[in-house]
Amino acid sequence: QVQLVESGGGLVQAGGSLRLSCAASGFTFSSYTMRWYRQAPEKERELVATIGRAGGSTNYADSVKGRFTISRDNAKNTVFLQMNSLKPEDTAVYYCNVLIGLRNSWGQGTQVTVSS
């Protein structure tokens, strides 16, 4: 069974930093693209960042470019999201995601709150 477990969220002031982690199991981690999404209250879930199988290909939402960095450690089956220069509008629940065939799998999410 695919499992994704996020950690690292918390409360920070605007301008601060957090690093999120997603521990993956139940599939061949190095064979799949990984993604981070976020969802703020009463808003749609938004794709934040994508990383290819070997970590050489990354993509970001325009709203986080230059501030967030996605990375992965295939030996540890973990994907990370380094978030710098945080803004109140980054406040959301952040979710790790993988698409395996036709099935999207999600973690439980980790709350990030940025105070002004």
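**Reading a hairpin, a core and some rings**

Modeller: This is a predicted model. Start with the hairpin of S7 and S8, which has four residues between the strands and in which Asn77 takes a positive phi near 50°.

Colleague: How many bridges join strand S7 to S8, and in which sense do they run?

Modeller: Strand S7 (residues 68-73) and S8 are antiparallel, joined by six bridges. S8 also pairs with strand S3 (residues 18-25), again in the antiparallel sense and over six bridges. Leu81 of S8 shows both pairings: Leu81 is the bridge partner of Ile70 and also of Leu20.

Colleague: Is strand S8 mostly covered or mostly open?

Modeller: Strand S8, residues 78-83, is mostly covered, with five of its six residues buried.

Colleague: How is a pair of aromatic rings described?

Modeller: By the distance of the centres and the angle of the planes. This structure holds four aromatic pairs. In one of them, Tyr37 and Trp106 are 4.9 Å apart centre to centre with 65° between the planes, an edge-to-face arrangement. That pair links distant parts of the chain, since Tyr37 is in strand S4 and Trp106 in strand S10 (residues 103-106), 69 residues apart.

Colleague: Why is the pair of Tyr95 and Trp106 edge-to-face?

Modeller: The ring centres of Tyr95 and Trp106 are 6.4 Å apart and the planes are at 90°, so the pair is edge-to-face; the angle needed is over 60 degrees. Because Tyr95 lies in strand S9 and Trp106 in strand S10, the pair ties together parts eleven residues apart in sequence. Tyr95 counts as buried, at 13% relative accessibility.

Colleague: Which charged ends sit over rings?

Modeller: The charged end of Arg45 sits over the ring of Trp106, 4.6 Å from the ring centre. Likewise, the charged end of Arg72 sits over the ring of Phe29, at 4.4 Å from its centre. Phe29 also belongs to a cluster with Phe27 and Tyr32, linked by ring pairs.

Conventions: Residues are numbered from 1 along each chain as its sequence is written. This is a predicted model: local features need pLDDT of at least 70, side-chain atom pairs count only at pLDDT 80 or more; totals for chains, interfaces and linings use all residues. Side-chain values use heavy atoms; hydrogens and water are left out. Buried means under 20% relative accessible area, exposed over 50%, partly exposed in between (1.4 Å probe, protein chains only). Helices (H or I, at least four residues) and strands (E, at least two) are DSSP runs, numbered from the N terminus. Two strands pair if DSSP finds at least two bridges between them. Rings of Phe, Tyr and Trp (its six-membered ring) pair if their centres lie within 6.5 Å; planes under 30 degrees apart count as stacked, over 60 as edge-to-face and the rest as tilted. A charge sits over a ring if NZ of Lys or CZ of Arg is within 6 Å of the ring centre and within 35 degrees of the ring normal.
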